[in-house]
Amino acid sequence: MPSGKRLVDVLDSFDVAGGGELGKIYDKFVSLYEMMESTNPNIDDPELRWVEHIIEKMEDGYIPTKNNLLQANLYWKKWK
């Protein structure tokens with residue numbers, strides 16, 4: 001398992017059966033949301049709403065796709 005902090009670091013080793021990975025990804029989505037929310041004065045920003053929607057879906061058992069993770073990584077790079 002790579003020890004990096006970026007979402008892309010977990011893409012190659014992402015295992016749906018391994019619940020630990022999913023928890024780490026959830027935490028990274030929450031961190032991304034908090035970072036975007038603190039730097040973006042517009043609460044109606046579609047990127048912020050997208051991240052919020054993924055978090056809500058994950059709370060209901062959704063497993064993000066690789067495309068979701070790649071999109072989140074682009075947002076991470078943009079908003080860091």
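Guide: A charge sits over a ring if NZ of Lys or CZ of Arg is within 6 Å of the ring centre and within 35 degrees of the ring normal. The model here is predicted.

Visitor: Which residue lies over the face of Y62?
Guide: The distance to the ring centre is 4.0 Å. The cut-off for a charge over a ring is within 6 Å. The residue over the face of Y62 is K57.

Visitor: How many aromatic pairs does a search of the whole structure find?
Guide: Rings pair if their centres lie within 6.5 Å. The search covers the whole structure, and the number of aromatic pairs is two.

Visitor: Is the pair of F29 and W50 stacked, edge-to-face or tilted?
Guide: The ring centres are 6.3 Å apart. Planes under 30 degrees apart count as stacked, and over 60 as edge-to-face. The planes of F29 and W50 are at 45 degrees, so the pair is tilted.

Visitor: How many residues apart in sequence are the parts that F29 and W50 tie together?
Guide: F29 lies in helix α1, residues 19-39. W50 lies in helix α2, residues 46-59. The separation in sequence is 21 residues.

Visitor: Is F29 buried or exposed?
Guide: Buried means under 20% relative accessible area. F29 has a value of 0%. F29 is therefore buried.

Visitor: What kind of pair do W50 and Y75 form?
Guide: Their ring centres are 5.4 Å apart. Planes over 60 degrees apart count as edge-to-face. These planes are at 80 degrees, so the pair is edge-to-face.

Visitor: Which helix holds Y75?
Guide: W50 lies in helix α2, and its pair with Y75 ties together parts that are 25 residues apart in sequence. Y75 itself lies in residues 66-79, which is helix α3.

Visitor: Which residues form one aromatic cluster?
Guide: F29 pairs with W50. W50 also pairs with Y75. The cluster is F29, W50 and Y75.

Visitor: Within what arc do the buried residues of α3 fall?
Guide: The buried residues of α3 include L69, A72, Y75 and W76. They line one face of the helix, because seen down the axis they fall within an arc of 165 degrees.

Visitor: What arc do the buried residues of α2 cover?
Guide: Among them are L48, V51, I54 and I55. They lie on the same side of α2, because they cover an arc of only 125 degrees.

Visitor: Which residue caps the N-terminal end of α2?
Guide: A side-chain oxygen lies 3.1 Å from the backbone nitrogen of E47. The capping residue is D45.

Key. Residues numbered from 1 in each chain as written. Predicted model: local features only at pLDDT ≥ 70, side-chain atom pairs only at ≥ 80, totals over all residues. Heavy atoms only, no water. Phe/Tyr/Trp six-rings, centres within 6.5 Å; stacked < 30°, edge-to-face > 60°. Helix = DSSP H or I, 4+ residues; strand = E, 2+ residues; numbered from the N terminus. Buried < 20%, exposed > 50% of the residue type's maximum accessible area, 1.4 Å probe, protein only. Arc of directions from axis to C-beta. Polar contact = N/O pair within 3.5 Å; in protein donor to acceptor, adjacent residues only side chain to side chain.
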